[in-house]
Amino acid sequence: MSVYEKIKEIEAEMARTQKNKATSYHLGTLKAKLAKLRRELLTPQGGGGGGGVGFDVAKTGVARVGFVGFPSVGKSTLLTKITGVFSEAASYEFTTLTTVPGVIMYKGAKIQMLDLPGIIEGAKDGKGRGRQVIAVARTCSLIFICLDVLKSLEHKRIIERELEGFGIRLNKEPPAIIFKKKEKGGINMTSSVSMSYLDLDSVKAILSEYRVHNADISFKCDATADDLIDIIEGNRMYIPAVYVLNKIDQISIEELDIIYKIPHSVPISAHHGWNFDDLLEKMWLYLDLARVYTKPKGQLPDYSQPVVLRKSSSSVEDFCNSIHKTLIRDFKYALIWGSSVKHNPQKVGKEHILADEDVVQIVKKT
C-alpha cells in the first residue's frame with residue numbers, strides 16, 4: 001500500500017470516528033500516524049529526481065514575500081504592476097511555470113517578491129508541481145494568498161488546507177509547549193492552564209506513536225493534539241499571510257463591503273492598480289520590520305539608507321552585526337534618539353531593543 005493510500009485510509013477512519021472524551025486517545029494516535037506519513041510524503045526516501053528547474057531563487061533583501069494561489073487569479077499581473085518585473089500573464093491557466101522573482105524598495109527596505117506557479121487541490125500530496133511550489137513558500141517571510149473574488153471562497157479553504165498539510169501554519173504563533181526528551185523516568189506532564197483537549201493518556205498515546213516513552217512536557221496554553229504533534233515534529237513554519245482578493249473592478253460596492261469583513265484580507269484590482277497602497281501598508285505591518293537610522297559623530301542622521309531589522313531581532317547588537325561583524329568587538333555604548341528610550345539621546349548597552357525609526361550613534365572603545 002502506498003503512503004498516499006495509507007493517508008486516505010487514516011483520514012477516512014478519522015471522519016468515521018465520533019469526537020468525544022472516550023475517542024480522544026484513538027484520535028490522537030491517528031493524528032500522530034497521519035503527521036508521520038505526511039512527513040514521509042514531503043521528504044521522499046532515496047535520491048530521486050532533481051528539485052525542478054527555476055524553483056530555487058537566491059534570497060535577496062531583508063524579507064521575502066511569496067504569491068500563492070490557483071492558476072489565473074492575477075498573481076503575475078500583480079507582480080508586474082508592483083515590481084516592474086515582467087511575469088507572463090494570459091487568460092489561460094498555468095501561464096507561469098517557474099518562480100519569477102522581483103524586488104521592491106518600500107520605506108527604505110529591499111523586499112523580494114516571488115510569483116509562484118499556480119497550485120491545484122492535492123498539491124500537498126504531490127499533485128502538479130505543488131510540492132516544489134509550497135517548498136518555496138516555506139522559505140518566505142510573508143505569504144500573499146491571491147484569490148479571485150468572482151470565484152467561490154472555498155478556494156481560500158483549499159489553499160489553507162494545502163499549506164497546512166505542508167507544515168505551514170498561517171497567522172498563528174507557535175504553541176507555548178516545552179518538550180524535552182530524557183533517558184528515564186517516564187512521561188511527566190505539567191500544565192499552568194486548565195486543559196480541555198488533552199489529558200495524560202492522550203499525550204502518552206501521541207508520544208508512544210513517536211516511540212517517546214521518557215519526556216518532560218509542560219503546557220503553558222490550552223493545546224490541542226495537533227499543537228502537540230507540531231511541537232514533536234519540530235519542522236513547522238509559522239508564517240503570516242495576507243489574503244489578496246483580486247478583480248474587485250468586476251463586483252458591486254455592496255459585495256465589496258462584505259469582502260472587507262474577511263480577516264487578514266486586502267481587496268485589490270491588479271489590472272487597474274487599485275488599492276496597492278493598502279496592500280503594501282499591510283505587507284509592512286505583517287512583516288514586522290523596524291527601520292534604524294545611523295548617525296556619525298558630529299553629523300546629521302543619514303535618513304536615506306536605513307538599516308532594516310526584524311523586530312524579533314532588533315537589539316543594538318543585531319544592528320551592529322547587520323552593518324559589520326567586527327563592529328561589536330570595539331563597541332563601548334550607543335546613543336539612541338527615538339521611541340525606544342525615555343531621554344533623547346540616551347546611553348544604552350548592546351542588549352537594548354530598538355524601535356522603528358530610532359537614530360543610533362555607536363561609540364567605540366578607544
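Which residues does K247 touch, not counting residues up to four places away in sequence? They are S72, V73, D148, V149, I268 and S269. Touching, or contact, means heavy atoms within 4.5 Å. K247 is found in the loop between β10 and α8 (253-259). K247 is partly exposed, with a relative accessible area of 22%. Buried means under 20% relative accessible area, exposed means over 50%, and partly exposed lies in between (1.4 Å probe, protein chains only).

This is a predicted model: local features need pLDDT of at least 70, side-chain atom pairs count only at pLDDT 80 or more, and totals for chains, interfaces and linings use all residues. Residues are numbered from 1 along each chain as its sequence is written, and side-chain values use heavy atoms, leaving out hydrogens and water.

Now the whole chain. It holds 10 helices and 16 strands. Helices (H or I, at least four residues) and strands (E, at least two) are DSSP runs, numbered from the N terminus. Of the 366 residues, 45% count as buried. Among contacts with a separation of 6 or more, 64% join residues 24 or more positions apart. The chain exposes about 19200 Å², and carbon and sulfur atoms supply 52% of that area. Accessible areas come from the Shrake-Rupley method with a 1.4 Å probe; for residues, only the protein chains shown count as cover.

Start with the sheet that contains β10. Here 6 strands form an open sheet in the order β2-β3-β1-β4-β10-β11, with mixed pairing. Two strands pair if DSSP finds at least two bridges between them. The edge strands are β2 (100-106) and β11 (265-267), each pairing on one side only. Neighbouring strands are turned by 25° against each other on average, direction ignored. Inside the sheet, β4 (residues 142-148) and β10 (residues 241-246) pair in the parallel sense over 6 bridges. F144 stands opposite V242 in β10.

Helix α9 lies across β1 (63-69), β2, β3 (109-115), β4, β10 and β11, running at about 90° to β2. Axes are lines fitted to C-alpha atoms, for helices over the stretch in contact, and angles run from 0 to 180 degrees between N-to-C directions.

What does α9 meet next? The axes of α3 (residues 75-83) and α9 (residues 276-287) come within 12 Å and cross at roughly 85°. The two helices are therefore roughly perpendicular to each other, a term for angles of 65 to 115 degrees. L78, K81 and I82 of α3 make the contact with F276, L279 and L280 of α9. These residues divide into 5 nonpolar, no polar and 1 charged. Ala, Val, Leu, Ile, Met, Phe, Trp, Tyr, Cys and Pro count as nonpolar, Asp, Glu, Lys and Arg as charged, and the others, Gly among them, as polar.

Another sheet comes next. Its 5 strands form an open sheet in the order β13-β12-β16-β14-β15, again with mixed pairing. The edge strands are β13 (302-310) and β15 (346-348). Neighbouring strands are turned by 40° against each other on average, direction ignored. β12 (residues 289-294) and β16 (residues 358-364) pair in the parallel sense over 3 bridges. T294 stands opposite V360 in β16. Helix α10 (residues 316-323) lies across β12, β13, β14 (331-337), β15 and β16, running at about 115° to β13.

Finish at E209, in helix α6 (residues 200-209). E209 is buried, with a relative accessible area of 17%. Not counting residues up to four places away in sequence, E209 touches T29, A32, K33 and K36.

Notes:
Parallel < 35°, antiparallel > 145°, perpendicular 65-115°, else oblique.
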